[in-house]
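Me: I am new to this structure and would like to learn how to read its features one at a time. Please show it to me, and then I will ask.

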Amino acid sequence: MSEHLLSATGLHLSFGAIWALDGVDATLWPGEILAVVGESGSGKTTLLHVLSGRSAPDAGLVAYRDTEGVAHNVHAMPAPQLRALHRSDWGFVHQNPRDALRMEVSAGGNVGERLMAQGARHYGVIRESAIDWLRQVEISPSRIDDMPHTFSGGMLQRLQIARTLATHPRLVFMDEPTGGLDVSVQARLLDLIRTLVARLGIAVVLVTHDIAVARLLADRILVMRHGRVVEGGLTDQVLDDPQHPYTQLLVSSVLQA
């Protein structure tokens, strides 16, 4: 059996008197999609930031296993090593794509910059790769030289995904990737994410408040409330037979919607 790609043990983080994380454990296997769900203020986005090294916990350990099978303490990594990891093995998809894209750089340039950060230098190769990735996220190659501000919200999110996946990361963190989009646009984006992640064999930690998104994409699910994981397991098992009253409330609110 393969070993965990990412694991967290005993994560604690408080903001004043408020516990954002209160003894959280989590594991992620290679190629797995793990959804973290809960209402606003449950701690799910804080957990994502701690797992990705963007925020440090007050206590606890996050370990990442590299391609050689060596486990690294994420929060003990030197800053340059962590930045390099985010440019290569890891990716991050923001809810607002403007937080990741350079709006003053063309669509192709946004994809190309990520490739160049990993050492690509041949202009023709970079441009062909950018065209290929635009196609993969269903953006016409004719838009390669267009500026992102001319794109719709759904296209911006797909461009961010192309930029993120261009370096074939092993692990991608996604923070509400369908948030703020129309329902029809959400459905198209979710189908695209599911297809690309499956084809590339990427592991994903997905934060979402939307139970339907978790059901569609995730292999396993963690339900968070007040900084704690109150329930976890296989997605269908948890959502079809929720044991914790809070999970039951989340599922019933979807059924009644």
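Me: Where is Val74 found?
Reply: A word first on the source: this is a predicted model. Val74 sits in the loop that runs between strand E5 (71-73) and helix H2.

Me: What does Val74 touch, apart from its neighbours within four places in sequence?
Reply: Its contacts are Leu51, Gly53, Val62, Ala63, Tyr64, Leu82 and Trp90. For one of these, Ala63, the separation in sequence is 11 residues, and the C-alpha atoms of Val74 and Ala63 are 5.7 Å apart in space.

Me: Which residues touch the most other members in the largest nonpolar core?
Reply: They are Val111, Leu159, Ile161 and Val204, in a core of 48 residues. There is also a second, separate core of 30 residues, and Val74 belongs to that one, along with Leu5, Ala203 and Val205 among others.

Me: With which residues is Ile161 in contact, leaving aside neighbours within four places in sequence?
Reply: Ile161 contacts Val93, Val137, Leu189, Ile193 and Leu196.

Me: At what angle do H5 and H6 pack?
Reply: Two values describe a helix pair, the angle and the distance between axes. For H5 and H6 the angle is about 10° and the axes are 10 Å apart. The two helices are therefore roughly parallel to each other, since angles under 35 degrees count that way.

Me: Which residues of H5 and H6 meet?
Reply: From H5 come Gly154, Gln157, Arg158, Ile161 and Leu165, and from H6 come Val185, Arg188, Leu189, Leu192, Ile193, Leu196 and Leu200. Sorted by class, this contact has eight nonpolar, two polar and two charged residues.

Me: How do I read the packing of H3 and H5, and at what angle do they pack?
Reply: Use the two values again. Helix H3 (residues 107-117) and helix H5 (residues 153-165) pack at about 25°, with axes 7 Å apart. H3 and H5 are therefore also roughly parallel to each other, and their crossing is right-handed. On the H3 side the contact is made by Ala107, Asn110, Val111, Glu113 and Arg114, and on the H5 side by Leu159, Ala162, Arg163 and Thr164. These residues divide into four nonpolar, two polar and three charged.

Me: Which residues of H3 are buried?
Reply: The buried residues of H3 are Ala107, Gly108, Asn110, Val111, Gly112, Arg114 and Leu115. Their cover includes helix H2 (79-87), strand E6 (90-93), helix H4 (123-136) and H5.

Me: Where is the place of Met147, and what does it touch beyond four places in sequence?
Reply: Met147 lies in the loop between H4 and H5. Its contacts are Met103, Glu104, Val105 and Ser106. The C-alpha atoms of Met147 and Ala107 are separated by 5.9 Å, while the two residues are 40 residues apart along the chain. Met147 has a relative accessible area of 27%, so it is partly exposed.

Me: Where is Glu176 found, and is it buried or exposed?
Reply: Glu176 is in the loop between strand E7 (171-175) and helix H6 (183-200). Its relative accessibility is 9%, so Glu176 counts as buried. Glu176 is not a glycine, yet has a positive phi of about 50°.

Me: Finally, where is the place of Leu206?
Reply: Leu206 is in strand E8 (residues 203-208), and its relative accessible area of 0% makes it buried. Leaving aside neighbours within four places in sequence, Leu206 contacts Leu34, Ala35, Val36, Met174, Pro177, Val213 and Leu217. Ala35 is 171 residues apart from Leu206 in sequence, and their C-alpha atoms are 4.6 Å apart in space.

How values were computed: Residues numbered from 1 in each chain as written. Predicted model: local features only at pLDDT ≥ 70, side-chain atom pairs only at ≥ 80, totals over all residues. Heavy atoms only, no water. Axes fitted to C-alpha atoms, helices over the stretch in contact; angles between N-to-C directions. Parallel < 35°, antiparallel > 145°, perpendicular 65-115°, else oblique. Left-handed = near helix turned anticlockwise from the far one by under 90°. Contact = heavy atoms within 4.5 Å. Nonpolar A, V, L, I, M, F, W, Y, C, P; charged D, E, K, R; others polar. Buried < 20%, exposed > 50% of the residue type's maximum accessible area, 1.4 Å probe, protein only. Core = buried A, V, L, I, M, F, W, Y, C linked by side-chain atoms within 4.5 Å.
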